[in-house]
Amino acid sequence: MGALPSTPRWGGDGSPEYLIGTFLGGKSLPVKSDYWHNLLELPFDLHWPANRVQHACHTFAQNNRSTRHLAKILIHLTWCLQESLSNPDVLSVASMKAVNASYISSVFLKYLIENLNSDNLDDLYLSLDESETIPNNIRKDESIINMVMHAVLSYIGRVDVSPKTYLLHHELLNFMLIAMSTQLLCGPSPGPNDVHPFIDAAMSQENSLVGLVVHKLLLNYISRPRFKSSASYTLISEENQLGVLKRVGSAAANIVLLPLSYFVNSSFEASRSQLADSSINILLILIHYRKCILVESVKNSNASVVSESFLKDETYFAENPYYKALENVRNVEFDRVDIEGNAHSGPLVRLAFASLYDTLGMCLTDETAVLLLYALVHGNSDFLEYVLVRTDIDTLLMPLLETLYDTSRRSSNQIYMVLIILLILSQDASFNASIHKLILPSVPWYQERLPSQTSLGSLMVIILIRTVKYNMSKMRDVYLHTNCLAALANMAPHVHRLSAYASQRLVSLFEILSRKYAKLAELKNDKMQMSDSDPKDDDKLSEDTSAELHIYTDFLRIVLEILNAILTYALPMNPEVIYAIMHRQEVFQPFRNHPRFNELLENIFSVLDFFNSRMDAQKLDGEWSVEKVFQVINLNCRSWRGDGMKMFTQLRFTYEQESHPEEFFIPYVWQLVISSSGFSFNPSSINLFPIELPVEVSYVPGETNTDLQLNVKDAVESSV
């Protein structure tokens, strides 16, 4: 490995060179050897550059098959965590050894996972050699993976985060992220041959522990600081310094794990914010995991070749206990189970919904928060009900609408998730009514014309229409169009005092869609005439145009349904809508006798006829002004009875998740984890989602000669 760049503080078998060299080398030491205690208690005083760490990982990978040192250090991590659990409030030698074991395991496990030469995860060699004497406190039928995951999850779920336990909590979350990164090696569609031993072990834990883990991860998330604290907290008190961790190769932080920037934070509160980010990443990975299982009849068949489509039909997904726990989260302030005595399958978690609601409102500019909110409003009926009865719904809605306003700088996945959340909320009539009663004094992020004192409902209409228009010019995504229009359709019967600007935007939406429809209709006619002379060349183009024309026909019909719903159910409360329709009534005229639209236009022209006749009946000196037109509209709104209006069945759109949501969510979650956490992974090893490989793949994100001082004492001193 070459000469170490610092002078050893110990000689002989207790020196850093010997201890680390033995761990990396080919000499196998028994799991009960005192060597492991010396290694994990050693306050490493090494300053290794990143390339040195990389070389160490390579050497370790070559020897681990025979030494099984990764399996043995995981056993010691388990024992240290079990001992720490017995007295979690004390900063013990065991807890600091667990920090070391967790970090060292993560460094080398990560390298082994991302450099696997095959799909066979047995190459990690996470079991003891047959010649190894198994310690008495390890059951012969229990795998090391299951044992260590049980210990890690038990510590995370049962021990509260405090200045004394923070470092270990953070390292264990890092370890979990590394251990579950085997998902990055597989394709986007989970199959029965995919193997993820660590995450499968997490799924196999008992419901009570699963509930504790979900509760603690959510608690970590909502415990992030609301503001930067002026107080500084010592992560580990001076008198309890054990001088344990200068870490294997200090520069390893440059290439592995989550960012270790908590070492330079100014306060424990700021550190809590980073722990919150790690916790939400782990929770999202856990709840979206789907274990694909082949049915027995296919598994036992002798067929050597099975098509992918057949496999998909003959597989099923095991129930995810973490998602079940998230579904069963109940408000600690009002527990329906206690009142109604309802039985729930799976773990039950109690949490303060108010804190979770406020935290989400604060963090919704972040994609992970949007994804968590989606999981809650889609899967947890109690939390959805809580959101819908909150009088300050703008806490959640405003950051979501701001995200849509800033569509050009957001990912398409983030836009989809926001729209789905809005669609789910719009399914509730009370939500649609309440958003029009909540008046916003101003909207600082809206840069175009927007009058003050706009209702939240009007703003939502404006932003949804703006998103449709942006999509038509840039993204051209039918799914996005459909979700926007579906939410608007759900809102329409409950519209109250829609603003002038929102009303104008609604009519202009019909105009824009109608122009697009007219162009497509003209193009289709031209192609049909051309195909009569040369049918071979234009059949495909004609089919594409017909399909697009059909889509825009549906869009136009939905907009007409929206206008119909407002005029049928809420006309007296929406004079601005009437004014906007009257002001641009010519845009409806070309469709009056169109067989696909004439029925939906009957009510619009009935309203136009009624108010136009009232305008004509007015004897007016001089020109009509906007104010005078509004006087007539307002006066006649009061006498409106809706006679002759045709009643249509209200459009009501509901959201249904796709049949294989894992194909979207698993890659999406890992993309967020890699992009937002600073977690690095060899891009050439990632098969879960497309990734653009750099011209030169380097494990070092930039050349650096910085030697990080990573023992606990130095970390504390730099953080405070």
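I started at Arg-68, which sits in the loop between helix H3 (50-67) and helix H4 (69-86). This is a predicted model, so I read each angle below as a computed value. Phi of Arg-68 is near 55°, a positive value in a residue that is not glycine. Is Arg-68 buried or exposed? I found 13% relative accessibility, and because buried means under 20%, Arg-68 counts as buried.

Next I turned to Tyr-125, in the loop between helix H5 (93-114) and helix H6 (144-158). Tyr-125 also is no glycine, yet I noted a positive phi of about 55°. Its relative accessible area is 19%, so Tyr-125 is buried.

Then I checked the cysteines. How many disulfides are there? With sulfur atoms required to lie within 2.5 Å, I counted zero disulfides.

My last entry is on H5 and helix H7 (residues 166-179), which pack at about 20° with axes 9 Å apart. Angles under 35 degrees count as roughly parallel, so H5 is roughly parallel to H7. I recorded the crossing of H5 and H7 as left-handed. Which residues meet there? From H5 I listed, among them, Met-96, Val-99, Tyr-103, Leu-109 and Ile-113; the H7 side includes Leu-168, Glu-171, Leu-172, Phe-175 and Ile-178. The residues of this contact divide into 12 nonpolar, five polar and two charged.

How values were computed:
Residues are numbered from 1 along each chain as its sequence is written. This is a predicted model: local features need pLDDT of at least 70, side-chain atom pairs count only at pLDDT 80 or more; totals for chains, interfaces and linings use all residues. Side-chain values use heavy atoms; hydrogens and water are left out. Helices (H or I, at least four residues) and strands (E, at least two) are DSSP runs, numbered from the N terminus. Buried means under 20% relative accessible area, exposed over 50%, partly exposed in between (1.4 Å probe, protein chains only). Axes are lines fitted to C-alpha atoms, for helices over the stretch in contact, and angles run from 0 to 180 degrees between N-to-C directions. Angles under 35 degrees count as roughly parallel, over 145 as roughly antiparallel, 65 to 115 as roughly perpendicular and the rest as oblique. A crossing is left-handed if the near helix is turned anticlockwise from the far one by less than a right angle, and right-handed if clockwise. Contact means heavy atoms within 4.5 Å. Ala, Val, Leu, Ile, Met, Phe, Trp, Tyr, Cys and Pro count as nonpolar, Asp, Glu, Lys and Arg as charged, and the others, Gly among them, as polar.
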